[in-house]
Amino acid sequence: MEDKITMGNTWPLQLYQPVFLLPRKPKVAKGKGQPQTRVNLNTALVEDIISLEEVEEEMKSVMEALKDNFNKTVNIRTSPGSLDHITVVTADGKLALNQIGQISMKSPQLILVNMASFPECTAAAIKAIRESGMNLNPEVEGTLIRVPIPKVTREHREMLVKLAKQNTNKAKDSLRKVRTSAMNKLKKSKDKASEDTIRLIEKQISQMADDTVAELDRHLAVKTKELLG
């Protein structure tokens, strides 16, 4: 029998269809023998309460940001592009390194950062590169920063894995903020829907967040395997 929820006193809305997942080896909670149930809300029917599509997009953006971070800063071979978005603290605020310095590849073992346009930011740029978590030890010659690329040692690989885990944890923190923000919006809309409807939406949001965490962990596992070889 289909579950229905009545909003107001005039018309029923079919908000979701239960989907039962039957894993090969289901985990059964103490005192319970029911399979895990997922909800699948009709987003169009609850959009006046909260936009689940917007919540989903915000969660996807967290995932995409981590993938972009992995591509730019967690690689066996460091490239000029991996330094672009290192944040430098300057007198004018926080700026990306490529906004104040010209970054180029001198050789496969050396990246150059020319700070001639903003010489006053050279010291801050060096500090930012050293503290980027990329195991880089820059050297300075006037306004030219030389960045030797570390050898691909086992220690370096393990350091990159540690950095990947740290970045993944930061992504999970961002995801939690998205989930909390969505839940807070939902609380403010409790007068627009029944308690049952609100509970279903809360479950949908939590489910979306859990799915995104699983995706973050999957990308971390792939990156870890890539780094360790």
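Leaving aside neighbours within four places in sequence, Asn135 is in contact with Pro150, His156 and Met159, contact meaning heavy atoms within 4.5 Å. The model is a predicted one, in which local features need pLDDT of at least 70 and side-chain atom pairs count only at pLDDT 80 or more, while totals for chains, interfaces and linings use all residues. Residues are numbered from 1 along each chain as its sequence is written, and side-chain values use heavy atoms, with hydrogens and water left out.

Asn135 is located in the loop between helix H3 (122–130) and strand S9 (139–141). Helices (H or I, at least four residues) and strands (E, at least two) are DSSP runs, numbered from the N terminus. With a relative accessibility of 38%, Asn135 counts as partly exposed; buried means under 20% relative accessible area, exposed over 50%, and partly exposed in between (1.4 Å probe, protein chains only). One of its contacts, His156, is 21 residues away along the chain, and the C-alpha atoms of Asn135 and His156 are separated by 7.7 Å.

The chain contains five helices and ten strands. Of its 229 residues, 36% count as buried. Among contacts in the chain with a separation of 6 or more, 61% are between residues 24 or more positions apart.

Helix H5 covers residues 195–228. The 34 residues of H5 should span 50 Å at 1.5 Å a residue, and its end C-alpha atoms are 49 Å apart, which agrees; the expected span is 1.5 Å times one less than the number of residues. Just after H5, Gly229 takes a positive phi of about 75°. Thr197 lies in H5 and is buried, its relative accessible area being 1%. Thr197 and Ile49 are 148 residues apart along the chain, yet their C-alpha atoms are separated by 9.8 Å.

Helix H1 (residues 52–73) packs against H5 at an angle of about 10°, with the two axes 11 Å apart. H1 is therefore roughly parallel to H5. Axes are lines fitted to C-alpha atoms, for helices over the stretch in contact, and angles run from 0 to 180 degrees between N-to-C directions. Angles under 35 degrees count as roughly parallel, over 145 as roughly antiparallel, 65 to 115 as roughly perpendicular and the rest as oblique. The crossing of H1 past H5 is right-handed; a crossing has this hand if the near helix is turned clockwise from the far one by less than a right angle, and is left-handed if anticlockwise. On the H1 side, the residues that meet H5 are Leu52, Val55, Glu56, Met59, Met63, Leu66, Lys67 and Phe70. Their partners in H5 include Ile201, Ile205, Met208, Thr212, Leu216 and His219. By class, the contact of H1 with H5 has twelve nonpolar, three polar and four charged residues. Ala, Val, Leu, Ile, Met, Phe, Trp, Tyr, Cys and Pro count as nonpolar, Asp, Glu, Lys and Arg as charged, and the others, Gly among them, as polar.

His219, in helix H5, counts as buried at 17% relative accessibility. Apart from neighbours within four places in sequence, His219 is in contact with Met63, Lys67 and Phe70. In an α-helix there are 3.6 residues a turn, so residues three or four places apart point the same way.

Helix H4 (residues 154–187) and H5 pack at an angle of about 170°, with their axes 10 Å apart. H4 is thus roughly antiparallel to H5. The contact of H4 with H5 has 17 nonpolar, four polar and ten charged residues.

The axes of H1 and H4 come within 10 Å and cross at roughly 165°. This makes H1 roughly antiparallel to H4, and the crossing of the pair is right-handed. H1 contributes Val55, Glu58, Met59, Val62, Leu66, Asn69, Phe70 and Thr73 to the contact, and residues of H4 that take part include Leu160, Leu163, Asn167, Ala171, Leu175 and Val178. The residues of the contact of H1 with H4 divide into twelve nonpolar, five polar and two charged.

Ser82, in the loop between H1 and strand S5 (87–90), is buried, with a relative accessible area of 4%. Residues up to four places away in sequence not counted, Ser82 touches Lys72, Thr73 and Met134. Ser107 is found in strand S7 (residues 102–107) and is partly exposed, with a relative accessible area of 24%. Ser107 and Ile149 are 42 residues apart in sequence and 9.5 Å apart in space, C-alpha to C-alpha.
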